[in-house]
Amino acid sequence: MAEFDPSPRLGRYVETPVAGEIVRAFVPPPLPPVPQIDVLSLLERLSLAERALGRLDGITTLLPRQELFLYMYVRKEAVLSSQIEGTQSTLSDLLRFETEAQAGQPIDDIREVSNYVDAMMYGLERLDTLPLSLRLIREMHARLLRSGRGGTKDPGEFRRSQNWIGGTRPGNALFVPPPTTELEACLDALERFMHEEGSKLPALIKAGLLHVQFETIHPFLDGNGRIGRLLVTLYLCLNGVLRKPLLYLSLYLKTHRADYYRLLQEVRENGAWEAWLEFFLLGVADTANQAFDAATRIVDLFKADRERITAESERPGSALRVHDLFQQNPYLTANQLVERIGLTAPTINAALADLERLGVVEEVTGRRRGRVFAYRRYLAILSEGTEPLPAAA
């Protein structure tokens, strides 16, 4: 058997001036890798990942409201993906902000997460009319950074200056992406790989390759990580691996971030694509299984609470209607319930008191006016893993 030669997989370095220093910027070779990916060595993990995705797809057809689970899961991913970039917002912060938006402007962290939800939903809807492309990526990026701290980082535009990752300056950076003179060629090759079929690579493998290549090219001044993670889900939806966009890897990458960064660098330095793909496929299976488990427990919780309300509530009709809205948003005010259900304020307040008595919801502000009620057990399932990362020292 011929010995494996990784050299064609290795990129090249280009010396480029940045901020008064000469640095070596990395230019990756185009995809697919040569020598080709050893898919046989990945078959076991590929099979486990595909089975987990199939199981997740299956339970979503049993959910009473697929769009409801998607609505919440997208928000969970937005929180996690933003935490990897350094925000300290929680899922509860985002949901309460969306409930009490009229109370004032959000802090920067929550605004960034809210922008991520918008960019994600825009990209998924835009796939109906536009192929996955550099244009779509730029459009999503414009929404991601349109306000908050990223507003000065050229939203929707590929960078026109050199960036770097880690370190205090280009000269001591952990990694320097391609110089601007090489950026267009790298991006053109990336877009061609999105649509090529000649490699016959499974869609999950291609999604893993695309993610690393995008992170390596790092085409924006800010927001590369969030767009790069979103790219995986968009690609899998577009290629029929997922019917609903329910696979988001940020919790896995947040939990295993040291391995994640190490493996990205090993691809760049050693062409170690198979090691990265083993990690990636394990993450897909783990993430899909967690989502399946959460969906199952949410369905069971809703069913148990409906049965309890029916059996024990003093006013089951109105209480069930209120409970129904709490499934759509686990934070609600009495005024919002009056407006959306169309019942009188006394009827809504009586139903809320009943749900509090039964332990289904609880008031969380301690105020007499503008009170906010929370569906705590639902929030607990949704929020698993979304505690912020420790702030850097």
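Biologist: Where does P35 lie?

Modeller: In this predicted model, P35 lies in the loop between β2 and α1. P32 sits in the loop between β2 and α1 too.

Biologist: What makes the peptide bond from V34 to P35 cis or trans?

Modeller: Omega decides. The value for V34 to P35 is near -5°, and the bond is cis. The bond joining L31 and P32 is also cis, with omega about 0°. Most peptide bonds are trans.

Biologist: Where is the place of K200?

Modeller: K200 is in the loop between α6 (180-195) and α7 (203-217). Its phi is near 60°, a positive value in a residue other than glycine.

Biologist: How do you know whether K200 counts as exposed or buried?

Modeller: The relative accessibility of K200 is 71%. The cut-off is over 50%, so K200 counts as exposed.

Biologist: What about the chain as a whole? How many of its residues count as buried?

Modeller: Of 393 residues, 52% count as buried. That label takes under 20% relative accessible area. The chain exposes about 17800 Å², with 51% of that supplied by carbon and sulfur atoms.

Biologist: How do you know that β1 and β2 pair?

Modeller: Count the bridges. Strand β1 (residues 12-18) and strand β2 (residues 21-27) are joined by seven. Pairing needs at least two, so β1 and β2 pair. The two strands run antiparallel.

Biologist: Which residue in β2 stands opposite E15?

Modeller: R24 stands opposite E15. The hairpin of β1 and β2 has two residues between the strands, and A19, with its positive phi, belongs to this hairpin.

Biologist: Which residues in α10 meet α11?

Modeller: D259, Y260, L263, L264 and V267. Their partners in α11 are W273, A275, W276 and F279.

Biologist: What are the crossing values for α5 and α8, and what makes α5 oblique to α8?

Modeller: The axes of helix α5 (residues 134-144) and helix α8 (residues 224-238) cross at roughly 130° and come within 11 Å. On the α5 side, the contact is made by I137, M140, H141 and L144. On the α8 side, it is made by R226, I227, L230, L231 and L234.

Biologist: Is the crossing of α5 and α8 right-handed or left-handed?

Modeller: Right-handed.

Biologist: How many helices and strands does the secondary structure of the chain come to?

Modeller: The chain has 15 helices and five strands.

Biologist: What share of contacts join residues at least 24 apart?

Modeller: Take contacts between residues at least 6 apart in sequence. Of these, 68% join residues at least 24 apart.

Technical notes. Residues are numbered from 1 along each chain as its sequence is written. This is a predicted model: local features need pLDDT of at least 70, side-chain atom pairs count only at pLDDT 80 or more; totals for chains, interfaces and linings use all residues. Side-chain values use heavy atoms; hydrogens and water are left out. Helices (H or I, at least four residues) and strands (E, at least two) are DSSP runs, numbered from the N terminus. Buried means under 20% relative accessible area, exposed over 50%, partly exposed in between (1.4 Å probe, protein chains only). Contact means heavy atoms within 4.5 Å. Accessible areas come from the Shrake-Rupley method with a 1.4 Å probe; for residues, only the protein chains shown count as cover. Axes are lines fitted to C-alpha atoms, for helices over the stretch in contact, and angles run from 0 to 180 degrees between N-to-C directions. A crossing is left-handed if the near helix is turned anticlockwise from the far one by less than a right angle, and right-handed if clockwise.
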